[in-house]
Amino acid sequence: FAQGVLASDEIRNKYFRKMSCADARQAENMHYDAHGVYGMAFSIDCTHFCWGKCPTKYHGQYQGKEKIPTVVIEAGCDYQLRFWHCVFGYVGTMNDINIWDSSSKLH
């Protein structure tokens with residue numbers, strides 16, 4: 001899926017571009033209008049997806065609190081539901097804080 005989406009220049013340039021300073025100001029203003037807090041451009045969260053065909057040798061590494069092998073997707077979006085950050089493929093044993101700390105997209 002990801003390869004197919006990223007193969008399209010039109011989709012990639014419109015939806016997978018880096019956040020500009022103007023984008024960040026707009027997102028920050030949307031957040032301020034909704035909550036009265038400056039300095040936040042988007043909300044971020046992680047979701048664990050079951051990896052049903054996980055090879056047996058990886059079960060321990062990918063098994064988190066769900067007790068089954070999972071892959072984690074982290075995403076950050078603004079109030080218009082535009083994704084400014086998305087990474088996937090982290091092992092299921094990682095949590096939101098571990099992923100935030102190791103994500104090269106945020107540093």
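Because the model is predicted, local features need pLDDT of at least 70 and side-chain atom pairs count only at pLDDT 80 or more, whereas totals for chains, interfaces and linings use all residues. Residues are numbered from 1 along each chain as its sequence is written, and side-chain values use heavy atoms, with hydrogens and water left out.

I begin with the sheet. Two strands are taken as paired if DSSP finds at least two bridges between them. The model contains an open sheet of 3 strands, in the order β1-β2-β3, with antiparallel pairing. Which strands stand at the edges? They are β1 (43-50) and β3 (83-91); each has a single partner strand, so one side of each is left without a neighbour in the sheet. From one strand to the next, the twist averages 15°; for such angles, axes are lines fitted to C-alpha atoms, for helices over the stretch in contact, and the angles run from 0 to 180 degrees between N-to-C directions.

Strands of a sheet pair through backbone hydrogen bonds, either parallel or antiparallel. Here, β1 and β2 pair in the antiparallel sense over 8 bridges, and threonine 47 stands opposite isoleucine 73 in β2. Strand β2 (residues 70-77) is joined to β3 by 7 bridges, again antiparallel. Across that pairing, glutamate 74 stands opposite valine 87 in β3, and valine 72 has tyrosine 90 of β3 as its bridge partner.

How well is β2 covered? Of its 8 residues, 6 are buried, where buried means under 20% relative accessible area, exposed means over 50%, and partly exposed lies in between (1.4 Å probe, protein chains only).

β2 and β3 form a hairpin with 5 residues between them, and leucine 81 in the turn has a positive phi of about 60°. Most residues other than glycine have a negative phi, and most peptide bonds are trans. Lysine 67 also has a positive phi, of about 70°, although it is not a glycine. Lysine 67 lies in the loop between α4 and β2 and is exposed, at 61% relative accessible area.

Tyrosine 79 is found in the loop between β2 and β3 and counts as partly exposed at 41%. Tyrosine 79 and alanine 7 are 72 residues apart in sequence and 27 Å apart in space, C-alpha to C-alpha.

I turn to the aromatic residues. A pair of aromatic rings is described by the distance of the centres and the angle of the planes. Rings of Phe, Tyr and Trp (its six-membered ring) pair if their centres lie within 6.5 Å; planes under 30 degrees apart count as stacked, over 60 as edge-to-face and the rest as tilted. How many aromatic pairs does a search of the whole structure find? The search finds 3. Tyrosine 32 and tyrosine 38 form a stacked pair, at 4.0 Å centre to centre and 10° between the planes. Tyrosine 32 is partly exposed at 32%, while tyrosine 38 is exposed at 54%.

The rings of tryptophan 51 and tyrosine 62 have their centres 4.9 Å apart and their planes at 80°, so this pair is edge-to-face. Tryptophan 51 lies in the loop between β1 and α4 (59-62) and tyrosine 62 in helix α4, so the pair ties together parts that are 11 residues apart in sequence. Tryptophan 51 is partly exposed at 29%, whereas tyrosine 62 is buried at 13%. Ring pairs link Trp51, Tyr58 and Tyr62 into a cluster.

Finally, I consider charges and the surface. A search of the whole structure finds 1 salt bridge, defined as a side-chain nitrogen of Lys or Arg within 4 Å of a carboxyl oxygen of Asp or Glu. Lysine 65 forms a salt bridge with glutamate 66, and the closest N and O atoms are 2.8 Å apart. Lysine 65 is exposed at 65%, and glutamate 66 is partly exposed at 28%.

Key. Helices (H or I, at least four residues) and strands (E, at least two) are DSSP runs, numbered from the N terminus.
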